[in-house]
Amino acid sequence: MSQNQNPFQIVFKTYDNLAKCIQTHLSNLFPISSSSSRTTTPSEIHLTISQPNIENFPKPQSAKPVTKEELGRATWTLLHTLGAQYPDHPTKQQRKDVKELMAILCRIYPCKECADHFKEVLRVNPVQAGSQAEFSQWLCHVHNVVNRSLGKLVFPCQRVDARWGKLDCRERACDLEGTTNFDK
């Protein structure tokens with residue numbers, strides 16, 4: 001350090017060099033806009049984050065509506081999972097709810113053709129929900145009725161618990177809750 005140099009000048013010069021270094025590195029990441037072509041001081045730097053170039057990103061799967069087959073698989077998975085969780089000794093309300101659920105599906109199912117077909121399947125095969133085993137077997141049976149009509153393979157119903165068994169929940173956290181208040 002020369003004797004004529006103020007110690008603060010050294011600090012300011014170091015700060016200025018550091019600021020220029022940071023500015024250079026940041027300009028590689030973000031476009032820097034300034035109001036003129038003069039040298040920009042660190043306090044005048046304004047960063048603008050530009051929109052990412054979408055062409056550089058991997059293209060996502062195009063969004064499209066669910067197919068009839070995907071909807072059917074998802075619906076059967078839901079129904080069989082409900083069957084697996086259904087209680088061994090359901091309340092009167094739980095039995096009523098299961099029957100009502102099937103009737104509601106026939107009314108609001110997104111595929112009208114499927115809904116009408118399922119309504120006919122239910123007319124010929126009324127809901128059996130006196131126990132978990134009975135309901136699971138009934139679901140398997142009606143699923144097979146639908147599969148046969150679609151020319152698909154049928155599922156061996158003796159293996160229904162292996163395929164759609166109870167959810168793996170600790171401390172019975174997945175059990176359906178019901179009250180006997182509606183059993184009157």
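1. The buried residues of α5 are Q132, F135, S136, W138, L139, C140, V142, H143, N144, V146 and N147. This is a predicted model, and the points below should be read with that in mind. The partners against which these buried α5 residues pack are α2, α3, α4 and α6. The length of α5 agrees with its residue count: 18 residues at 1.5 Å a residue should span 26 Å, and the end C-alpha atoms are 26 Å apart. After the helix comes G151, with a positive phi near 75 degrees.

2. For context, the protein chain holds 6 helices and 2 strands. Their order along the sequence is α-β-β-α-α-α-α-α. The chain has 184 residues, and 24% of them count as buried. Among contacts with a separation of 6 or more, 57% are between residues 24 or more positions apart.

3. S136 belongs to helix α5. It counts as buried because its relative accessible area is 5%, under the 20% cut-off. Leaving out neighbours within four places in sequence, the contacts of S136 are G83, A84 and V160. The pair S136 and G83 is 53 residues apart in sequence, yet the C-alpha to C-alpha distance is 4.9 Å. Both G83 and A84 are among the buried residues of α2.

4. N144 is also a residue of helix α5. Its relative accessible area is 5%, so N144 is buried. Beyond four places in sequence, N144 touches V154, F155 and C157. F155 sits in the loop between α5 and α6. With residues up to four places away excluded, F155 touches C140, N144, V160, R163 and W164.

5. The buried set of α2 consists of G72, T75, W76, L79, H80, G83, A84 and Q85. These residues pack against α3, α4, α5 and α6 (160-163). As for length, the 18 residues of α2 should span 26 Å at 1.5 Å a residue, and the distance between the end C-alpha atoms is 26 Å, which agrees.

6. On which residues does the buried side of α4 rest? They are A115, F118, V121 and L122. These residues cover an arc of only 120 degrees around the axis, which places them on the same side of α4. An α-helix has 3.6 residues a turn, so residues three or four places apart point the same way. The cover over the buried α4 residues includes α2, α3 (92-108) and α5. On the face turned away from the buried side are the exposed residues K112, E113, K119, R123 and V124. The 13 residues of α4 should span 18 Å at 1.5 Å a residue; the end C-alpha atoms are 19 Å apart, which agrees.

7. K99 is in helix α3. Its relative accessibility is 45%, so K99 counts as partly exposed. K99 and A129 are 30 residues apart along the chain, and their C-alpha atoms are separated by 8.0 Å.

8. The largest pocket holds about 770 Å³ of space. It is lined by 28 residues, of which G72, W76, V146, N147 and L150 are the closest to its centre. Elements that give two or more residues to this lining are α2 (68-85), α4 (112-124) and α5 (132-149). Of these, α2 gives the most, with 8 residues. By class, the lining residues divide into 14 nonpolar, 8 polar and 6 charged.

Technical notes. Residues are numbered from 1 along each chain as its sequence is written. This is a predicted model: local features need pLDDT of at least 70, side-chain atom pairs count only at pLDDT 80 or more; totals for chains, interfaces and linings use all residues. Side-chain values use heavy atoms; hydrogens and water are left out. On a 1 Å grid over the protein atoms alone, a cavity is a set of points where a 1.4 Å probe fits but cannot get out, and a pocket is an open set with protein on both sides within 12 Å along at least five of seven lines; lining residues have an atom within 4 Å of a point. Grid points are joined across faces, edges and corners, and a volume is the space filled by probe spheres set on the points. Helices (H or I, at least four residues) and strands (E, at least two) are DSSP runs, numbered from the N terminus. Ala, Val, Leu, Ile, Met, Phe, Trp, Tyr, Cys and Pro count as nonpolar, Asp, Glu, Lys and Arg as charged, and the others, Gly among them, as polar. The expected span of a helix is 1.5 Å times one less than its number of residues. Buried means under 20% relative accessible area, exposed over 50%, partly exposed in between (1.4 Å probe, protein chains only). The arc is that of the directions from the helix axis to the C-beta atoms. Contact means heavy atoms within 4.5 Å.
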